[in-house]
Amino acid sequence: MSKKLLVTGGCGFIGSNFVRYWLEKHPDDEIVNLDALTYAGNPANLRDLENNPHYRFVKGNICDSQIVNELTKNIDIIVHFAAESHVDRSILAPEVFLQTNVLGTFNLLEAAVKNKVAHFHHIGTDEVFGSLPLETAEKFTLETKYDPRSPYSASKAASDHLVRAYGETYGLAYTITNCSNNYGPWQFPEKLFGLAITNLLEGKKVPVYGDGKNVRDWLFVTDHVRAIEAVLESGRQQETFLVGGLTRDISNFEVVSQIITLMGKNPEAEIEWVQDRAGHDRRYSIDWSATQQKLGWTPSVTFEQGLQQTIDWYRTHEDWWRPLKQKAAGFFAQNYHQKGQP
Ligand code: NAD
Ligand code: DAU
């Protein structure tokens, strides 16, 4: 039976990949995409769907209870991506993170309960678990305690708690995926992959924070989208799933060196060592074996394949990313400092 989905934040990086994938795989379903079009939201990400009768875009803020209430009527599933998502921006200006990630999520939950939405899926992050030490085999599991360490991750932790609280208190049927660092096409070029690749295409160096030994668990965006699909199709409720991409640690230095090498340049010459991020989490690593057991999901794209696809995509989408980098110039100037500078 066809379903009606309300997707929030569908003009962002992961949301747009999800909307496109979902309508390809489930052409009878309908998607309403509610997005405020912040600096990170871009209608161009879904331009190819503008004439699709199963897709509707609504410009609006998830903090606006009137719009949210209207749009949640007759919806089967809410897939909630909308968030302020960049850690560095949360360090410079945290308030909007609390508004969108906490109050916006609260607003959606209220409307979901009021309008009896059958399923609320919340996109969470592994950053809620804090930081693991380097050179250990420790991984985040469903038993790991929450320990958020940035305004971004604290606001995302609050949103996860609210979702579970609405499940317990009001009986809202929910699921949560806490996933690791996504990379791939349509990522705003301020996060590591998009920034590194586009800097190299512009003839600039790649900034690496601190000593470059920090580790992230890289996940190709389509594999994340497939995991959300597997959750939604499983019919499981009141459950959380961890989603990650790697089975071995890869440091930021290695990631950046691989990107530079694949783009035909010399890592020694192309890295710019910059001042570390405040409170920079050292290592993330996800144990996604429980998700594999319950849903049969595993990542399908190797790191090497995903990296090459991502580089190829940015090479052929210069018209898309160039104006975005100009738009973010003020942020870049505020965020990056030479090593040793205050
Ligand atoms: P993004 O920053 O690329 O996109 C966010 C989207 O939300 C944008 O289209 C923006 O316009 C929209 N938005 C922001 N505030 C809004 C508001 N108040 N009302 C309506 N729309 C609003 O983010 P992303 O990387 O696609 O992340 C999507 C979700 O996945 C977020 O919840 C994020 O916390 C989570 N997540 C991201 C990653 C990652 O690596 N990117 C990893 C784990 C979890
Ligand atoms: O782990 C999931 C999280 O991954 C998501 O919840 C966030 O929404 C998403 O932005 C991402 O957060 P990170 O802070 O890990 O991503 P970012 O791409 O900003 O940084 C990745 C790593 O690279 C991190 O250790 C910081 C480092 N870095 C980043 C930038 C932008 C650099 O060394 N230099 C840079 O210029």
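Biologist: Let's start with phenylalanine 18. Leaving aside its neighbours within four places in sequence, which residues is it in contact with?

Modeller: Phenylalanine 18 is in contact with Leu5, Val7, Val79, Phe81, Val225, Ile228 and Leu232. Keep in mind that this is a predicted model.

Biologist: What makes you say "in contact" for phenylalanine 18?

Modeller: Contact means heavy atoms within 4.5 Å. Val79 and Leu232 are among the residues that pass that test with phenylalanine 18.

Biologist: And why does phenylalanine 18 count as buried?

Modeller: Buried means under 20% relative accessible area. Phenylalanine 18 has 0% relative accessibility, so it counts as buried.

Biologist: How far apart are the C-alpha atoms of phenylalanine 18 and glutamate 229?

Modeller: They are separated by 8.9 Å, though the two residues are 211 residues apart along the chain.

Biologist: Which helix does phenylalanine 18 lie in?

Modeller: Phenylalanine 18 is part of helix H1.

Biologist: Why do you call H1 largely enclosed by the rest of the structure?

Modeller: Count them up: 11 of the 13 residues of H1 are buried, so the rest of the structure largely encloses it. The buried ones include Phe13, Gly15, Arg20 and Trp22. Their cover includes strands S1 (4–8), S2 (30–35), S3 (55–59), S4 (77–80) and S7 (182–183), plus helix H7 (221–234).

Biologist: How do you know that the length of H1 agrees with what it should span?

Modeller: At 1.5 Å a residue, the 13 residues of H1 (residues 13–25) should span 18 Å. The end C-alpha atoms of H1 are 19 Å apart, which agrees.

Biologist: What about helix H5: how does its span compare with what it should be?

Modeller: H5 covers residues 151–170, and its 20 residues should span 28 Å. Its end C-alpha atoms are 28 Å apart, so that agrees too.

Biologist: Which residues of H5 are buried, and what covers them?

Modeller: Tyr152, Lys156, Asp160 and Tyr166 are among the buried residues of H5. The cover includes helices H3 (87–92) and H4 (95–114), along with strands S5 (119–125) and S6 (174–179). After H5 comes glycine 171, with a positive phi near 75 degrees.

Biologist: Now, what makes asparagine 74 exposed?

Modeller: Exposed means over 50% relative accessible area. Asparagine 74 comes in at 66%, so it is exposed. You'll find asparagine 74 in the loop between helix H2 (65–71) and S4. Phi of asparagine 74 is near 65 degrees, a positive value in a residue other than glycine.

Biologist: Tryptophan 186 has a positive phi as well, near 75 degrees. Is tryptophan 186 buried or exposed, and how do you know?

Modeller: Tryptophan 186 has 14% relative accessibility, and the limit is under 20%, so it counts as buried. Tryptophan 186 lies in the loop between S7 and helix H6 (192–201).

Biologist: Why is H6 described as largely enclosed?

Modeller: 8 of the 10 residues of H6 are buried, so the rest of the structure largely encloses it. Phe193, Leu195, Ile197 and Asn199 are among them. H6 is followed by glycine 203, which has a positive phi near 80 degrees.

Biologist: Why does glycine 306 count as buried?

Modeller: Glycine 306 has 0% relative accessibility, under the 20% limit, so it counts as buried. Glycine 306 is in helix H11 (residues 303–316). Setting aside residues up to four places away in sequence, it touches Tyr183, Phe220 and Val301.

Biologist: Zooming out, how many helices and strands does the protein chain have?

Modeller: The protein chain has 13 helices and 11 strands.

Biologist: And how do you know that the protein chain is as compact as a globular protein of that length?

Modeller: The globule rule gives 20 Å for 342 residues, and the radius of gyration is 19 Å, close to that, so the chain is as compact as a globular protein of that length. Buried residues make up 56% of the chain.

Terms used:
Residues numbered from 1 in each chain as written. Chains lettered and ligands numbered in written order. Predicted model: local features only at pLDDT ≥ 70, side-chain atom pairs only at ≥ 80, totals over all residues. Heavy atoms only, no water. Helix = DSSP H or I, 4+ residues; strand = E, 2+ residues; numbered from the N terminus. Rg over C-alpha atoms; globule rule 2.2 N^0.38 Å. Buried < 20%, exposed > 50% of the residue type's maximum accessible area, 1.4 Å probe, protein only. Expected span 1.5 Å × (residues − 1).
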